[in-house]
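Here's a quick briefing to read alongside the picture. Keep the structure open and look up each spot as it comes up.

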Amino acid sequence: MENNENKIKELIGFTEAILDSMRNSTASAKSDDVWRYSSYKEFMRKYNQVAKQAIDILGTAAIVDIYDMDKIPSNGDTIAITQKHYFDSAYANTSVLKSMLENKLGIKDNEAKNLTYFLQSNLRKVIFKKPEKEVEVQNAIEQLFIGKGLNKGVDYGRETGRVEVSIKQVIPDFVLYKLNLAIEVKLSKSKTKSKTIVDEINSDIQAYGKEYRNILFVVYDLESIRDEDEYKKDIDNGENVRLIVVKH
């Protein structure tokens, strides 16, 4: 079992290296350089090498694509838009493979839990005066993300990842892409508001659950919640839906 875990970790490292290299290869090129995706075939070949090793671990039920490299034309025989198509395909498949390996190891769930503990322990420390609006709590959380080395647009998004619900759209305050995690921030100023927040959270669970595997609710409390455990008991399931109360 330990050898299997070590192999999965090794393969995850390979996928991360491929994705980093792909991002760096396009970032270093000029934005108007239509040929910046010309290295697609090399990345497809690298992906294949990792995917073939991963199939034995993930099992036959896993959806793992393998490219027939003999049928992939060289960059001298393709136009720019075709090169981008192949490049994007390799990036998408590598990302999917990385997620499947992480799920096999349980990494995403552990990281989601660790992030919950991190916010629970540190959010109050970076809020120096009583917040008047939720955006102030959101700003503090973003500062913690930045201090943790997370990059906006790469590791997390703010007010992105909208979800279609009936005839309206809902947008989580934060999305952690790698963890498939939506974070919603609530500011509880009064006992009345604390009760309203429960209704909002139940509605959010139904909405965000359509798109995200993990959901975290951060309730910043201004002395309106007396019993935290009672407040959380019908919401926080300790797995994919978590609620933390941070008192000012």
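A residue counts as buried when its relative accessible area is under 20%, exposed when it is over 50%, and partly exposed in between. Keep that scale in mind for what follows. What you're looking at is a predicted model, a chain of 248 residues, of which 41% count as buried.

**The whole chain**
- Its secondary structure comes to 7 helices and 7 strands.
- Reading from the N terminus, the order is α-α-α-α-α-β-β-β-β-β-α-β-α-β.
- Along the principal axes, the C-alpha atoms fill a box of roughly 65 × 45 × 40 Å.

**How confident is the prediction?**
- Mean pLDDT for the chain is 89, and 94% of the residues reach 70 or more.
- Which elements mark the two ends of the confidence range? Helix H5 (residues 134-147) has the highest mean pLDDT, 96, while strand S2 (residues 163-165) has the lowest, 68.

**A closer look at helix H2**
- H2 covers residues 40-58, which makes 19 residues.
- From first C-alpha to last, H2 reaches 25 Å, close to the 27 Å expected at 1.5 Å a residue.
- There's a bend of about 25° in H2, and you'll find it at Lys 52.

**The largest pocket**
- The largest pocket holds about 510 Å³ of space.
- Its lining has 16 residues, and the closest to the centre are Leu 19, Arg 23, Lys 98, Val 154 and Lys 178.
- Helix H1 (2-27) and helix H3 (80-105) each supply at least two residues of this lining.
- Which element gives the largest share of the lining of the largest pocket? That's H3, with 5 residues.
- By class, the lining of the largest pocket splits into 8 charged, 4 polar and 4 nonpolar residues.

**The second largest pocket**
- The volume of the second largest pocket is about 280 Å³.
- Among the residues lining the second largest pocket are Glu 111, Asn 114, Leu 115, Lys 148, Gly 149 and Leu 150.
- Val 154 and Lys 178 are on the lining list of the second largest pocket, and both are also among the residues closest to the centre of the largest pocket.
- Helix H4 (residues 107-122) gives the largest share of the lining of the second largest pocket, 3 residues.
- The lining of the second largest pocket has 5 nonpolar, 3 polar and 4 charged residues.

**Two residues with a positive phi**
- Most residues other than glycine have a negative phi.
- Glu 159 isn't a glycine, yet its phi is positive, about 55°.
- You'll find Glu 159 in the loop between strand S1 (156-158) and S2.
- Is Glu 159 buried, partly exposed or exposed? Its relative accessibility is 48%, so Glu 159 counts as partly exposed.
- Glu 223 is another residue other than glycine with a positive phi, near 60°.
- Glu 223 sits in the loop between strand S6 (214-221) and helix H7 (228-232).
- With a relative accessible area of 73%, Glu 223 is exposed.

Definitions and conventions
Residues are numbered from 1 along each chain as its sequence is written. This is a predicted model: local features need pLDDT of at least 70, side-chain atom pairs count only at pLDDT 80 or more; totals for chains, interfaces and linings use all residues. Side-chain values use heavy atoms; hydrogens and water are left out. Helices (H or I, at least four residues) and strands (E, at least two) are DSSP runs, numbered from the N terminus. The expected span of a helix is 1.5 Å times one less than its number of residues. The bend at a residue is the angle between axes fitted to the seven residues ending there and the seven starting there. On a 1 Å grid over the protein atoms alone, a cavity is a set of points where a 1.4 Å probe fits but cannot get out, and a pocket is an open set with protein on both sides within 12 Å along at least five of seven lines; lining residues have an atom within 4 Å of a point. Grid points are joined across faces, edges and corners, and a volume is the space filled by probe spheres set on the points. Ala, Val, Leu, Ile, Met, Phe, Trp, Tyr, Cys and Pro count as nonpolar, Asp, Glu, Lys and Arg as charged, and the others, Gly among them, as polar. pLDDT is the predictor's confidence in each residue, from 0 to 100. Buried means under 20% relative accessible area, exposed over 50%, partly exposed in between (1.4 Å probe, protein chains only).
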